[in-house]
Amino acid sequence: MKVRLKKILPLWVCLALILFTFYGYVYLINHFTLVFWGDQTEALIPYMIDLYTQFKESGFTLWNHSIGLGASNLVYYYTILGSPSFYLNLLLPTSDWIPYFIPVLDTLRFFLIGTVAWLWLGKLIHSERARLIGALVFTFSGWTMYWLHFSYFLDAYLYLALLLYFSEEILEGRKKLGFTFIVCLSSIISPYILYMFSWLLFIYMICRLYMKNDKVTVKLFVHKFLSV
C-alpha cells in the first residue's frame, strides 16, 4: 500500500495544482466569487436544494407540491439514490450551504476519478509518465468538462472508471462482485448512462480479451462474457 501511495503521489500533485490554480483565480482575482451560470443556476442548484429540503426538512414523500400543481418524486429519488455526492450534501447543516459546497464536491470527484483512472491504466501500460498523462486526460476529458454542471453525471463518470478497472480484474479472474455493484449503481443513477456504458464495456472487453490471449476460443470468449 505504501508503494502504491508513493507512485500515485505525482497524479495527486498535478490534480492539486490544477484545482489550486482554478480556485486561486476564483477567490483571489475574482473577489471571492464563484460564478454559476446556465444549467448550474437554473437546474442543478435548485434541484439539489429541493432534494435536500425534501429529505431533511419536509420529510420523505412521493409527491412534490413545490412544482406547479405537483410532480412525482420517483424520478428524483431514483436518480439521486445512486449518486454518492448527494449523501454528502445531507451532511450540511442547512440547504444554504449547498452552492458553497459544490466546489468541494467537484474537487473530491476529480481526485477520485483521477485515482481510479491511474489504477486502471496501471494494468494496461508500464510507463509511469504515460500512465500519469493518461489519467489526467481521462479525468479532465471533454465529457467531464461538458457535464460538469450536473453532479450525478460526474458520479457516473467515476463509475465508468471503476467499471474499466473491474473489467481488468474480471479478465484476471478477480473482483466480479465489485463490477456487479457498480453496474447496479449506474443503473440507478441513469438507465441511459448504463446503456451507453454497456456498449463501451462490451467492445472494451472483446479487445482486451484478444490482447491478453494469443488464441481466443469460443469457449473462452463465452466464459468471460458470462463473467461480465
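Mentor: α5 passes α8 in a left-handed crossing; that term applies if the near helix is turned anticlockwise from the far one by less than a right angle. This is a predicted model, where local features need pLDDT of at least 70, side-chain atom pairs count only at pLDDT 80 or more, and totals for chains, interfaces and linings use all residues. Residues are numbered from 1 along each chain as its sequence is written, and side-chain values use heavy atoms, leaving out hydrogens and water.

Helices here are DSSP runs (H or I, at least four residues), numbered from the N terminus. α8 covers residues 151–171, and α5 covers 98–121. Their axes come within 9 Å and cross at roughly 15 degrees. Axes are lines fitted to C-alpha atoms over the stretch in contact, and angles run from 0 to 180 degrees between N-to-C directions. α5 and α8 are therefore roughly parallel to each other (angles under 35 degrees).

Now the contact, meaning heavy atoms within 4.5 Å. From α5 come Asp 106, Arg 109, Leu 112, Ile 113, Val 116, Ala 117, Leu 119 and Trp 120. From α8 come Ser 151, Leu 154, Asp 155, Tyr 157, Leu 158, Ala 161, Leu 162, Leu 164, Tyr 165 and Glu 168. These residues divide into 13 nonpolar, one polar and four charged. Ala, Val, Leu, Ile, Met, Phe, Trp, Tyr, Cys and Pro count as nonpolar, Asp, Glu, Lys and Arg as charged, and the others, Gly among them, as polar.

Key
Helix = DSSP H or I, 4+ residues; strand = E, 2+ residues; numbered from the N terminus. Parallel < 35°, antiparallel > 145°, perpendicular 65-115°, else oblique.
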